[in-house]
Amino acid sequence: MLTTFLAGALLLGRAASAQRPTSLTHTLLGDGILADAGFSRNVSSCPGYKLSGLHETKTGLTARLSLAGPACNAFGHDVADLTLEVTYDTQTRLHVNIYDSANSQFTIPSSVIQLDHGSGDPALKQKSDLVFNYESSPFAFWITRRSEPDAQPLFDTRASSLPPTPIPPVIPDDNSTALDGFPLVFEDQYLQLTSALPLGTNIYGLGEVVASSGFRRDVGTDGGPGTIQTMWARDIADPVDQNVYGSHPIYMEHRYNETTKRAQSHGVFHFSAAGSDTLLLTPPSSPVSLVQYRSIGGTFNFYFFSGPSPQKVIEQYGALVGLPTWQPYWGFGFHLCRWGYTSVNDTKAQVEAMRAAGIPLETMWNDIDLYHAYRDFTTDPTSFPANEVKAFIEELASNNQHYIPIVDAAVAHTVNATDVYDPYTRGVELDVWMKNPDGSEYIGQVWPGYTVFPDWFSEHATAYWTEALKNWTQLGVEFSGIWLDMNEVSSFCIGSCGSGADLSNTSVPFLLPGKPGNPVTEYPEGYNAAVWGPSGNMTINGTLTYNNNVTSTTLSKRGLGAGGQKGVDLNSPPYAIHNGDGYLATHTVATNATHAGGIVDLDVHNLWGMMEEKATHLALLTIHPGKRPFLISRSTFPSSGRWSGHWLGDNFSKWAYMHYNIQGVLQFQLFQIPMVGADTCGFNDNTDEELCNRWMQLSAFMPFYRNHNVLGAISQEPYRWESVANASRTAMEVRYSMLPYWYTLFANASTYGSPPVRALFYEFPDEPELFGVDSQYLIGRDILVTPVLTPNASTVDGIFPGRGRTIWRDWYTHSVVNATAGANTTLAAPLGHINVHIRDGSALLLHAQPGYTTTETRANPYSLLVSQAADGYAFGTAYVDDGESVPPTPHTTLTFKARKGTLAIAAVGNFKVAQKLETVTVLGVGSKKPSEVKVNGKKADNWEFDEGVERLIVKQLGIDLNKGSTLTWS
């Protein structure tokens, strides 16, 4: 939450990142700042490396890389001796690791992230999909497909494959984009490696980011400047084209062959926690685009994935870093929150209002309003008395609803000797706090005032965290899940500002939103509050408020690293990465803050959030034995999906941000964190009726579905406007009916790494018109969502993949879409209606009667929707278990297969499916009414046929899904 309010004070800009710290900063950070060591800041004289001592291993090779000439010391001290290790991990994964032979650079310990080690099969050297090729002097390497040895390499660091240098700044207003040369550079505080890419290729991933180019990244062609993606976790309110909360140095390239008209995908993952820039550029007149890695620490530890489909790349990445955690069924319900529910009674009133409006509510949340003095693991004794909170949560549970509180990353420091706050003092006893270089406590500043920060590398950190959360539940906060915020990690001052300070000063250095002097005044594009007032209503006195249009108009409604090295600058590395806050210590802990074992935060900054997620996940397994933890967190890193879901941070109540919602969800499918969604209707600023109407419907078709907004903004619960309430009820009914489909997709994600939400080209990889589409998306392979993303619209344009070879049917009417092949089709989209279409060849198990909660919904019978292809084929599966137990647990997989005139249902597994299948709807049965319908060989009497949509509906079936069944029509 929150970071918008610091922008004016703390955004230093790009230029500041290269400046020396001020005297105040020097005082706060101590003497870890070095005088300028005279680095050249130019790589043109860097000699590269030469390979020697090659040794074939069982699964690859090793070799020595030696500096090929005098050290250039561009942004650090050149490392003379490197080791190259190449390992053919699996049929589809190749590992290339270049590291300093002395092992002084930081590498991520296996105790923090346990990667898959590969199969160890020696035959892979001759038969794997990918091949490692190299030149010895100067050393360079390139990766090819074994099946296409002469095609352009997937990754190619040879100077001969790159444009000649020097090249003036490719982005004219950023001198750092001058390309002085492309040698392999490996220094203690600067690493550089460059690969050629096909000109204007399709790159996805490299985040977290709100990218102006969309889900497909800008590589510097077609008028775009290119991309500089910085990996430095940052607490900031969703800026465009800057680093934000998480760091994910993986990209997928989707490469289209104009000759064969076929495309293949592959992936590249740089496994490093170091702060870095990844550049995607195309120099003027260059025959190639390029990707360049610039890192201020760590090593070059690369993994390459052969795909060749987008889904396979994502699955192969998941097999390496760990598959997503299993989600509880209730997590797919609707969640409601805001910063500004001022009491337990205010919170309870929202639950009552939602039920009165008939809008399903699964989980109620509280923000930091819950806390006493903004302190973690407390409740305010006046506004949230612990006994009343406990009673409220128990009432929720009695109604099959859930409760989630926030947990901020920083823990309050006691203000004096009489201050009693066990979470702090217990942490002191267990020695779990981050420290200054001199061993004293590192004291930052967050909501409660001066704070300390858990050191996840310390021996007792997880035990401490588990104890604190367990004590909170015993106080009365009997949570179902946890919301982790501010874990980049965020601090409102630079350095250990609490060291020697007056700890009784618990103020924060800015005005809270909505308070006197800082009103929330912004609204969505097209709404003028100065003319129409603060309501955000779509119409006032019958007049449309959009664009201040006063005419009468109406709308229809629907290694240890730097900590152990000498001569490195812990606070201002010579190469200034493009951190949006400039100086690396701005709005976070200082880079010389120290962890157990002497590790410095410069090397592990990007790991903090993921390590907190892991500790919290393990804590919840202890507190709720056998139950799946439900976590939503802001800062993430590779492998975070094993422990947590994610929300897209502090977005804005703008139409543009509703569109960004889609690219954000698509990014995190690639990052193997599929449980993801945005703050619906927007967090920062005021929303309005029309935007909230459209967004509540869009988010109903996203994995994580939560409405949340900022302190001081107008209320935006879905019951506040009747049109929004109607739109929400409609969309939620569809969402809850689809829950078996969503749940099966997430079971596949947790089992195979398959992405539940997909870009259109994932399923239709050979259609270039889809490569840049992120205004539509697919749920699994079978559901196409085409939302309205602009104001004052009653239609929407969308493309239907398949170029006329795929039949798409309307979810609501079951009519076949008369779509333009390979181009946009205009669809009716009155307010309150979101276009959803079903792909042919699909069979979807649904809940026949959506209830108010997921528990009530699951207790009702099933229905089956079959959308046949032209030849009568359809196929689908459904995974069923108890929805809450940690696997391995009893489960059953149902299979549905249709051919012309026949539907076969099979069950495999050991979980008893209690609910019966009551209704089967088959689309595409032909224009002629069947003469007879049979179920398991017996004539069925209760069925109907609609010739117009070629639909057969068979009712009151009562089919036991635990055994095989057949349905036939003739």
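## Close-up views of a predicted model

**View 1. Leu84 is a residue of strand 3 (residues 81-88).** This is a predicted model, in which local features need pLDDT of at least 70 and side-chain atom pairs count only at pLDDT 80 or more, while totals for chains, interfaces and linings use all residues. Residues are numbered from 1 along each chain as its sequence is written, and side-chain values use heavy atoms, with hydrogens and water left out. Helices (H or I, at least four residues) and strands (E, at least two) are DSSP runs, numbered from the N terminus. With a relative accessible area of 0%, Leu84 is buried (buried means under 20% relative accessible area, exposed over 50%, partly exposed in between, with a 1.4 Å probe and protein chains only). Not counting residues up to four places away in sequence, Leu84 touches Leu51, Leu61, Thr62, Ala63, Leu65, Val96, Asn97, Ile98, Phe132 and Phe139 (contact means heavy atoms within 4.5 Å). Between Leu84 and Tyr190 the separation is 106 residues in sequence and 18 Å in space, C-alpha to C-alpha.

**View 2. Helix 6 (344-356) packs through its buried residues against strand 17 (334-336), strand 18 (363-366) and helix 7.** Helix 6 has 13 residues and reaches 18 Å from its first C-alpha to its last, close to the 18 Å expected at 1.5 Å a residue (the expected span is 1.5 Å times one less than the number of residues). Val344, Thr347, Gln350, Val351 and Met354 are the buried residues of helix 6. These residues cover an arc of only 120° around the axis, which puts them on the same side of helix 6 (the arc is that of the directions from the helix axis to the C-beta atoms). An α-helix has 3.6 residues a turn, so residues three or four places apart point the same way. Asn345 and Ala356 are exposed on the face of helix 6 turned away from its buried side. Just after helix 6, Gly358 has a positive phi of about 70°.

**View 3. Helix 7 (residues 386-398) has its buried residues along one face.** Ala386, Val389, Phe392, Ile393 and Leu396 are the buried residues of helix 7. Seen down the axis, they fall within an arc of 125°, so they line one face of helix 7. Their cover includes helix 6, strand 18, strand 19 (402-408) and helix 9 (461-475). On the other side of helix 7, Asn387 and Ser398 are exposed. Asn400, which follows helix 7, has a positive phi near 65°.

**View 4. Helix 12 (residues 608-623) is largely enclosed by the rest of the structure.** Of its 16 residues, 12 are buried, among them Trp608, Met611, Glu612, Glu613, His617 and Ile623. The cover over the buried residues of helix 12 includes helix 9, strand 23 (482-485), helix 11 (601-604) and strand 26 (631-633). The end C-alpha atoms of helix 12 are 22 Å apart, in agreement with the 22 Å its 16 residues should span at 1.5 Å a residue.

**View 5. Helix 14 (residues 689-699) packs with helix 15 (residues 722-737).** The angle between them is about 5° and their axes are 8 Å apart (axes are lines fitted to C-alpha atoms, for helices over the stretch in contact, and angles run from 0 to 180 degrees between N-to-C directions). Helix 14 and helix 15 are therefore roughly parallel to each other (angles under 35 degrees count as roughly parallel). Residues making the contact include Glu689, Cys692 and Met696 of helix 14 and Val724, Ala727 and Arg735 of helix 15. The residues of this contact divide into 6 nonpolar, 6 polar and 2 charged (Ala, Val, Leu, Ile, Met, Phe, Trp, Tyr, Cys and Pro count as nonpolar, Asp, Glu, Lys and Arg as charged, and the others, Gly among them, as polar).

Terms used: Angles under 35 degrees count as roughly parallel, over 145 as roughly antiparallel, 65 to 115 as roughly perpendicular and the rest as oblique.
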